[in-house]
Amino acid sequence: MKISQLEYFCAVCRYHSITNAAQQLYVTQPAISNAIRELEKEFSISLFSRSKNHISLTKEGEVFYQKAQKLLDTISQTASELYDLGKQVTPIRIGIPPLLSTIFFPEMLLDFRKLYPSIPVELLEYGSIRAADLVEKDELDLALVNMNFYEIDKLNAHELLSDRIVFCVSPKHPLAKEKELSMEQLKKENLIMYNTDSVLNTTLYSRFEGLGIKPNIIMRASQLYTIQKFIDSNLGGAFLYASLLKNLPGLVGIPIVPAITQEIGLVWKKGKYINDSAEKFIDYMKSGY
């Protein structure tokens with residue numbers, strides 16, 4: 001039994017497909033098929049039930065998957081401990097949604113590097129839900145996320161700030177002089193929304209649905225730069241964190257009533273060994289950055 005065989009097998013279980021697993025792992029389909037056959041031969045069991053267009057775990061396969069995943073988790077944790085033991089500094093893998101990266105970076109990263117110049121940091125952009133999922137799967141060490149989603153309790157979390165949502169428009173927009181806005185006032189407005197993997201979107205859609213409003217969405221963007229350009233051109237308005245306005249000169253942010261607030265925080269996996277580098281970053285954030 002090889003670690004790679006267990007990794008290939010668990011990937012097929014997660015993605016429910018040899019093809020999808022091969023794409024995610026950047027290996028060939030035959031390599032994964034051979035690894036599974038070798039495991040079945042070595043342990044004299046059948047791991048999958050196969051049909052023409054479908055693959056599913058057998059009862060033995062389900063038990064094997066649970067044990068294999070625990071073994072891979074143990075190997076990953078032990079490797080982290082051994083890196084620390086050998087004084088090898090591994091990069092801290094931090095997930096962060098693009099909108100939040102504008103609030104926290106690059107100032108935060110520069111400040112952390114002044115304190116710990118020898119600790120490398122690797123930033124990866126994902127939506128909050130995806131980033132939290134990757135932390136749970138040990139593919140990220142930490143993530144800065146919007147904490148307003150129902151599975152947040154699966155992770156350790158430290159709240160950093162509570163931010164109010166404002167409706168941002170161009171100074172030329174008819175609503176620019178309003179002191180506050182209700183969601184009802186926006187039911188006919190052209191809206192620029194963030195991409196689909198967004199906790200903020202979920203909050204907004206829920207508010208609209210509760211009022212029986214179908215929002216007039218003219219664009220879904222993945223980059224703040226694109227959203228800003230559309231607003232500057234007076235093509236519509238967008239819901240953004242109030243903290244972003246300091247980096248968006250020229251935009252008008254109008255508070256929503258009743259207020260919509262979102263809690264932003266740092267998350268990491270429960271019950272997992274945290275290496276020294278990640279521990280220092282957590283302490284740095286908790287110290288009141």
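These questions and answers walk through a predicted model of one protein chain. Local features need pLDDT of at least 70, side-chain atom pairs count only at pLDDT 80 or more, and totals for chains, interfaces and linings use all residues. Residues are numbered from 1 along each chain as its sequence is written, and side-chain values use heavy atoms, with hydrogens and water left out.

User: How many helices and strands does the protein chain have?
Analyst: Helices (H or I, at least four residues) and strands (E, at least two) are DSSP runs, numbered from the N terminus. On that basis, the secondary structure comes to 10 helices and 11 strands.

User: What percentage of the 289 residues is buried?
Analyst: Buried means under 20% relative accessible area, exposed over 50%, and partly exposed in between (1.4 Å probe, protein chains only). In this chain of 289 residues, the buried share is 43%.

User: Is Phe43 buried, partly exposed or exposed?
Analyst: Phe43 sits in helix α3, residues 29-43. Its relative accessible area is 35%, so Phe43 is partly exposed.

User: Where on helix α9 do its buried residues lie?
Analyst: In α9 (residues 224-232), the buried residues are Leu224, Ile227, Gln228 and Ile231. Seen down the axis, they fall within an arc of 100°, taken from the directions from the helix axis to the C-beta atoms. An α-helix has 3.6 residues a turn, so residues three or four places apart point the same way. The buried residues of α9 therefore line one face of the helix.

User: Which residue with positive phi follows α9?
Analyst: Helix α9 covers residues 224-232. After α9 comes a residue with phi near 60°: Asn234.
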